[in-house]
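Reader: I would like to learn how to read sheets and cavities in a structure, taking one feature at a time. Could you begin with a cavity and then move on to the strands?

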Amino acid sequence: MKSKTLLVLLLPLTVAFCQKVTAQASVEPVSLRTEYLNNPIGIDEAHPRLLWMLKDDKKGAAQSAYRLFVGTDSIAVSHNTGNSWSTAKIASSASLITYIGSPLVPFTKYYWKVMLWDANGRAISASPISSFETGMMDQRNWRGAWISDNKSINTKPAPYFRQTFKTAKKIRSARAYIAVAGLYELYINGKKIGNHRLDPMYTRFDRRNLYVTYDVTASLQNGNNAIGVLLGNGWYNHQSIAVWNFDRAPWRQRPAFCLDLRITYTDGTEEAVATNDKWKTQTGPLIFNSIYTGEHYDSRLEMPGWNMAGFDDKNWKEVSLRAAPSRQIVSQTMHPIRNVEEIVAKTIRKFNDTTYLVDLGRNIAGVTKVKLNGESGTVVKIKHGERLDKNGRLDMSNIDVYYRPKDNTDPFQTDIVILNGKGPVEFMPKFNYKGFQYAEITSSTPITINKEDVTGYFMHSDVPAVGRISSSNDLINKLWWATNNSYLSNLFGYPTDCPQREKNGWTGDGHFAIETGLYNYDGITIYEKWLADHRDEQQPNGVLPDIIPTGGWGYGTANGTDWTSTIAIIPWNLYLFYGDSKALKDNYDNIKAYVNYVESISPKGLTTFGRGDWVPVKSSSSLEYTSSVYFYVDANILAKAAKLFGNQKDYVYYSALAQKIKQAINSKYFNKQICLYGSGVQTELSMALQWGIVPDQYRAQLAVNLAKRVTADGMHLDVGVLGAKAILSALSDNGQGETAYKLAAQDTYPSWGWWIVNGATTLYENWDIQAKRDISLNHMMFGEIGGWFFKGLGGIKPDEQHPGFKNVLLQPNIVSGLNSFNAEHDSRYGKVVSSWAREGNKVIYNVTVPANSSATIKFPSGKTSKVYMNGMPVINTGDYPVKAGSYRFEIVN
């Protein structure tokens, strides 16, 4: 009896002890990444970035020191020895470290781990072992030759290539390295390698080409093996004609590729299978492909087994050798494009035996996969679009306006499949994507199509989601979802404007949406690649084109600061969100050249070099004013970067230039007596607030005047793209959060919500749904609202003094008409949560600050509200600092 009683008494202590041990065991370094990727292979960076997070739920959890081990022997690394780099114990909270060990060797796998010490100086669990693997590292390490099929740029059928080889020994590992001018699919022994789509990413092909690395160890077999490669045109050989002149790109040629297959055997020997003049080529069923319009597939020409070892290729042709398309062949180190989401058809409507209309129920970028069955020679056309005409048929008039076809053989956004009469043909485009909600399928002879025969695939760069919001207003939730749909629909290795009409990397659209992108997605690898595209495109005098990459279009008179400030704004935002200065450093000289050019044509500090407030509701803003504001933004970012990198001379010069520009703007456009800018329209007032043009002593009054202007405009927007970028934050950051929310939640014309109540699942290009032009239904240029939800309602903001959310600024706006709002952002240090909800006469505000980070809270209503934490009053006289941990506040007005 006594022993049972003792057991009962001891049980709670045992449970508590076990819980404590479990809690302690969960304290560890996690999320180890190299170059922001998980265990990447084929990287060329000589000094890769190594990063991690501290997992520790305790209040005040922090890292006080770290030690890194990097080496080629995983067992040695696990025992705290790195033959490439072993640091001493370094007293630092840094969790992003650049490798500075022994020079990295090509084609080598490196293992690494990190040991940490907590805030009290106690050692905690070491991390799991992570890895990265180097690629070519130097263009001279390629063994293969560039090959093509010796056909002209006007040849429509795509080239197929094959080669066979034997392996006689046991394989330890095998890697395929493939560089392509154009697009490709790689096959080994009949199976497609990897799940990427549209590789390699689009670049300025005559200046930089990307290669992709695959682990193909499991794809090889003892004995006979075969490699197959299918090439697509992509942007390299643009045969379709549109106003952007890609058919006249200086790099344009028939697609070509270079491949090295490096095999390592268990006995330590190595062998390489590489492209050379012994490969064979042929055309086949893919009779036409265009990244811009569609694909044509003749299933009667299929070649079963063409990528298998036993295939009879005696009728195949010799390949031709080609020069490399550029002198810079570098690794594609980024999140790839994939078929990310499968979407089943919502409805199918049969008009007659040869015409069907499929509705996916939402607008996407991607492709359809169809299963078709019919007589041999039946021609099936699958046309894709965003809207229907009054008869329920597909209407392409809003998206085909810039297409200039020579004839009717290449219809816009249309795939063509010719059936073989031997049974079902399953088709999905390999080298194209479209923007669409509807697919209209027509056939030359009667066929039967069921809803299950058509599937949509949402394609985009497969960037991890890092942001979530939810609220008591379903319109806000739908707007956030639609904004993300448009963002992803326009992320294909570079940000685009729309996935149908253009697919262009419009610079303005890219920087208008940068905060929305980074609050919601881990997109740094995409943006760093796009910045390299900027460096490739920049002219010696510093000028950048409107669209990047470009085949030559966009170097005009309007490609100015409001659009091409991407060169400064994107690196600056990457610094703020990641605490990583590499993009700023890599592009510093380019930012400087750009600012110097604008200064050279604008010696008095004002410039008209720009495009202006594109697609406004009704009121126009001064082009000189808006362009000069962005000139100031660029000069100011350059000055800050100079200070960050210790360049005192540049810091002094560009700080003075920024001040000169600001003074010039205020002297001409600011009316101090009535506290208005320009003609007093929403865009002009918003930009002065958002970009720090207005003198501090006038800031609050200008925000009041902006709110009054919005009220005078019926609590509706009257802005174009520049105003849409600025207006919500200009209000909510300056005491006018109520007005900002009313604008964001407005559901009548003109507003974001007007699109949603009219059925939008993406953002539109025009406030007016019935506009005669500029009416793409999947556009990102008005997408700032997706980022504003996090910073304006949730109040989550990076701290410029402690970037990367090392210190989080929490400044929520608890607005009327909204009962609850929750925002979460997975920062580089972990999850940040800012969540508030009304309970009777008080507001419950829940905050989570990740380990190794801190936060500064500014409670809403300022000094007039009473704030309690755990029943105890909190001094609410300004900024309230907190360390890592979770907190529950009660706010009583």
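Author: Let us begin with the second largest cavity, where β12 supplies the largest share of the lining, 3 residues. This is a predicted model, in which local features need pLDDT of at least 70 and side-chain atom pairs count only at pLDDT 80 or more, while totals for chains, interfaces and linings use all residues. Residues are numbered from 1 along each chain as its sequence is written, and side-chain values use heavy atoms, with hydrogens and water left out.

Reader: How do the lining residues of the second largest cavity divide by class?

Author: Ala, Val, Leu, Ile, Met, Phe, Trp, Tyr, Cys and Pro count as nonpolar, Asp, Glu, Lys and Arg as charged, and the others, Gly among them, as polar. On that scheme the second largest cavity has 5 nonpolar, 1 polar and 5 charged residues in its lining, whereas the lining of the largest cavity has 12 nonpolar, 2 polar and no charged residues. The largest cavity has a volume of about 120 Å³, and of its 14 lining residues the closest to the centre are Leu183, Leu198, Tyr202, Trp235 and Ile291.

Reader: In what order do the 6 strands of the open sheet lie?

Author: Strands are DSSP runs (E, at least two residues), numbered from the N terminus, and two of them pair if DSSP finds at least two bridges between them. The order is β13-β12-β15-β10-β18-β21, with antiparallel pairing, and the edge strands β13 (191-192) and β21 (317-318) each pair on one side only. Within this sheet, β12 (residues 183-188) and β15 (residues 223-232) are joined over 6 bridges, and Ile188 has Ile227 as its bridge partner in β15.

Reader: Which strands form the open sheet of 3 strands?

Author: That sheet runs β1-β3-β6, again with antiparallel pairing, and its edge strands are β1 (28-34) and β6 (96-98). Between β1 and β3 (residues 49-55) there are 5 bridges, and the bridge partner of Val30 in β3 is Met53.

Technical notes. Helix = DSSP H or I, 4+ residues; strand = E, 2+ residues; numbered from the N terminus. 1 Å grid on protein atoms, 1.4 Å probe; cavity = no way out; pocket = protein on both sides within 12 Å on 5 of 7 lines; lining within 4 Å. Points joined across faces, edges and corners; volume = space filled by probe spheres on them.
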